[in-house]
Amino acid sequence: MADDTERLRKQIEDQGNVVRQLKANKVDKTQVDEGVALLLELKDKLRIASGVSGSAKKDNKGGLTLKTPKGTKDYTAKEMSVRSEIFRTIVGVFERHGAVTIDTPVFELKEILTGKYGEDSKLIYDLKDQGGEECSLRYDLTVPFARHVAMNGIQSIKRYQIAKVYRRDQPAMTKGRMREFYQCDYDIAGSYDPMIPDAECVRVAVEVLSKLDVGAFVIKLNHRKILDAVFEVSGVPEDKIRTISSAVDKLDKLPWAEVRKEMTEEKGLDGAIADRIGTYVKLSGGEELLERLQALPELMASTKAQQGVADMALFFTYARIYNILDRVSFDMSLARGLDYYTGIIYEAVLVEENQQPDNPQPTATPAVSKGPKGDESDESQVRVGSIAAGGRYDELVGMFLASRRGGKGGKKTDVPCVGISFGVERIYSIVMNRMRAREIKANRTAVYVISVKDGLLEERMRIATELWDNGIAAEFAYKVKPRLQSQYNACDADVVPWAVLVGKDEVEQGVVLIKNMSEKVAGQERGVTVKRSELVAELKKRLE
């Protein structure tokens, strides 16, 4: 224990120096925030290791600090309005493609999740034993879906699910990386002809991201069979393939030199083998990359490579029909570290708009301008962030079925699957940054009923009731005699587009005033007079 605390103190001292240097160098605020977050994490670990109870942020009087746990956050009414609209947009695309929705428990039996996520398994939240069952919070929605399909004997389904998942990760709130977050999953389960559902999943991703207007993006593609073939012909030992795959998957964040160092120094791979891998994983491009791969005899000697290239050729044929060729890039560095992928894999990433390549097939890491197309990537092209990812996983359902039957599964028990998952927190951060707070409407109130001078509470209630009965969202002030200005202020605060004004004279004359609260209309400062009996019809015309 003493050694642990000393080690943590040293790490805190070193990280403190890093943060001070970052601030002195006036680097981007995001880098400083990440450095500070890591420093606070180390301090929390030291507090726990030292046996100090309670939060490090309690005040001097020992009072309770009101805060959310690290990696989580509350959302305000306006923020939830934006998030709800994002969910509606995504669901609209899912349902347009014929998907149905299901729900699964927020926690699963620990054995269901174990061994499905490669090196990321350490990020699973385990729960204390309750009632004789060891459980864990779900890490994603894919494994619970596969368990659901296997448990219920489902042979085919096109499903979507929107729900929270949990990861014991180092949070970076400014980048949308959290410990509790939503995923939006779309999956197709069933035995179909090759690459037809796979191409539709990528088409769904393009539709969703385009409708959400996230900015310039590209969907990177690769195939696990091609990647496995690369490892085999390069000489990677069988027991190291998955761990080396996880290292390759970091090429979107780290330069090749760092990834090579991890392979050789941390994972014990021979340097010559790592270099052979490097000649393949630095390749990227479009459909033409298939021809380059087919021209490599040592790679194409592998049956896996032949199958993977054939699949990708089919994919590009269907992608052309789906009008998504300009949104995809064949990127050999894409690995996707999860253990259950068996075929095509893909990841949608944002790219800097001012660095978007001019050619009609953008790539996340475009070729150096004077080099041959598809050669070593230009690292000036900054990867802004992954916003969706997925792929084919043909054996996960069969794995569960075989386990239930005592390992006697066989091919007949497999239910092939392919899907895509959208990272809502990342998408939300992008959309929210593009909106000004005053433009965000938290509720759906379309009409505010306002009294002039005399209060007229009962008349306001009658008008509101009539509007509600006719499907019009309406509100009024909960005071007997509210001030006129306070009612206008309520309209402005909730961005209510229309107001119905009524006073004693209007009641006697059987009329009301309809006022446009969104814009000033010359000659209609007080509103437009309409008959009380025609109020609903007039409002519906204006709300269309």
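User: Hi! Is Lys 304 buried, partly exposed or exposed?
Analyst: Lys 304 is partly exposed, at 32% relative accessibility. Buried means under 20% relative accessible area, exposed over 50%, and partly exposed in between (1.4 Å probe, protein chains only). This is a predicted model, where local features need pLDDT of at least 70, side-chain atom pairs count only at pLDDT 80 or more, and totals for chains, interfaces and linings use all residues. Residues are numbered from 1 along each chain as its sequence is written, and side-chain values use heavy atoms, with hydrogens and water left out.
User: Thanks! Which side chain meets Lys 304 in a salt bridge?
Analyst: That would be Glu 232, at 2.9 Å from N to O. A salt bridge here is a side-chain nitrogen of Lys or Arg within 4 Å of a carboxyl oxygen of Asp or Glu.
User: And where do Glu 232 and Lys 304 lie?
Analyst: Glu 232 is in helix α7 and Lys 304 in helix α13 (residues 303–321), so the pair ties together parts 72 residues apart in sequence. Helices (H or I, at least four residues) and strands (E, at least two) are DSSP runs, numbered from the N terminus.
User: Changing topic, how many salt bridges does the structure hold?
Analyst: There are 25 of them. One of these pairs Asp 228 with Arg 242, with the closest N and O atoms 3.3 Å apart.
User: Is Asp 228 buried or exposed?
Analyst: Asp 228 is buried, at 10% relative accessibility, while Arg 242 is partly exposed at 30%.
User: What about Arg 532, which residue does its side chain meet?
Analyst: Glu 466, in a salt bridge of 2.5 Å, N to O. Salt bridges with shared partners join Glu 459, Arg 462, Glu 466 and Arg 532 into one network.
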